[in-house]
Amino acid sequence: MSASPAAFADTRHEEGLRLKAYRDWAAVWTIGYGHTKTAKEGMTITKAQAESLMAADMGEVVRRLNKCLTRSVTQAQFDALCVFAFNVGSGGACSSTLVKKLNAGDVNGAALEFARWNKITDPITGKKIPDPKGILQARRAREMALFLGTRAGEIATAAVTAVKKNPAL
């Protein structure tokens with residue numbers, strides 16, 4: 001499968017555009033639409049360069065997802081997985097319980113797994129900690145909604161609420 005224009009639009013929205021390199025929450029140099037591979041201190045790029053970097057990064061995400069998914073998925077599900085994997089890394093996405101459940105045919109169980117990816121890496125300790133601003137919870141709810149389609153908003157909200165009440169989920 002390929003990422004649709006909607007996956008690119010959603011990724012642009014979620015990642016935001018920064019034309020000057022910055023350190024993300026985990027102190028990783030980042031530029032453009034969440035590009036980290038070649039970002040470094042003092043780097044600046046144009047919007048066209050940011051689009052090119054995103055296309056290359058998304059191409060890698062698509063290649064990895066196509067290798068690790070063993071079942072057919074809808075375009076909306078694939079797009080949601082692309083947006084998710086763009087953020088967490090395709091290796092993390094492919095080894096996740098989310099993909100394992102999806103490959104086992106448990107679509108609803110897979111959808112609920114989005115909400116579990118609500119932690120950031122503390123740049124000082126390197127440990128995973130809950131996102132103090134709730135940005136990831138909201139993002140995962142949107143990814144889950146895209147993945148599920150109909151009625152997704154209700155389900156995503158319920159899942160995010162459940163994780164907030166019990167972070168061990």
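Guide: Gladly, and let us begin with two helices: H2 and H3 pack at an angle of about 115°, with their axes 10 Å apart. This is a predicted model, in which local features need pLDDT of at least 70 and side-chain atom pairs count only at pLDDT 80 or more, while totals for chains, interfaces and linings use all residues. Residues are numbered from 1 along each chain as its sequence is written, and side-chain values use heavy atoms, with hydrogens and water left out.

Visitor: What makes a stretch a helix, and how many helices and strands does the chain have?

Guide: Helices (H or I, at least four residues) and strands (E, at least two) are DSSP runs, numbered from the N terminus. The chain has eight helices and four strands, in the order α-β-β-α-α-α-α-α-β-β-α-α from the N terminus on.

Visitor: What do the angle and the distance refer to?

Guide: Axes are lines fitted to C-alpha atoms, for helices over the stretch in contact, and angles run from 0 to 180 degrees between N-to-C directions.

Visitor: Which residues of H2 and H3 meet?

Guide: Met 54, Asp 57, Met 58, Val 61, Val 62, Leu 65 and Asn 66 in H2 meet Phe 78, Leu 81, Cys 82, Ala 85 and Phe 86 in H3, where contact means heavy atoms within 4.5 Å. By class, these residues divide into 10 nonpolar, one polar and one charged. Here Ala, Val, Leu, Ile, Met, Phe, Trp, Tyr, Cys and Pro count as nonpolar, Asp, Glu, Lys and Arg as charged, and the others, Gly among them, as polar.

Visitor: How do H1 and H3 pack?

Guide: Their angle is about 35°, and the axes lie 9 Å apart. On the H1 side the contact is made by Ala 6, Ala 7, Asp 10, Thr 11, Glu 14 and Glu 15, and on the H3 side by Asp 79, Cys 82, Val 83, Phe 86 and Asn 87. That contact has five nonpolar, two polar and four charged residues.

Visitor: Why is Met 58 called buried?

Guide: Buried means under 20% relative accessible area, exposed over 50%, and partly exposed in between (1.4 Å probe, protein chains only). Met 58 has 0%, so Met 58 is buried. This residue of helix H2 touches Ala 3, Ala 7, Phe 8, Thr 11, Cys 82 and Phe 86, not counting residues up to four places away in sequence.

Visitor: And is Ser 90 buried or exposed?

Guide: Ser 90, in helix H4, has 10% relative accessibility and therefore counts as buried. Leaving aside neighbours within four places in sequence, Ser 90 is in contact with Val 61, Arg 64 and Ala 85. Of the 169 residues of the chain, 41% count as buried.

Visitor: Which residues lie nearest the centre of the largest pocket?

Guide: Glu 15, Asp 24, Phe 86, Asn 87 and Val 88 do, among 37 lining residues. The lining has 13 nonpolar, 11 polar and 13 charged residues. On a 1 Å grid over the protein atoms alone, a pocket is an open set of points where a 1.4 Å probe fits, with protein on both sides within 12 Å along at least five of seven lines; lining residues have an atom within 4 Å of a point.
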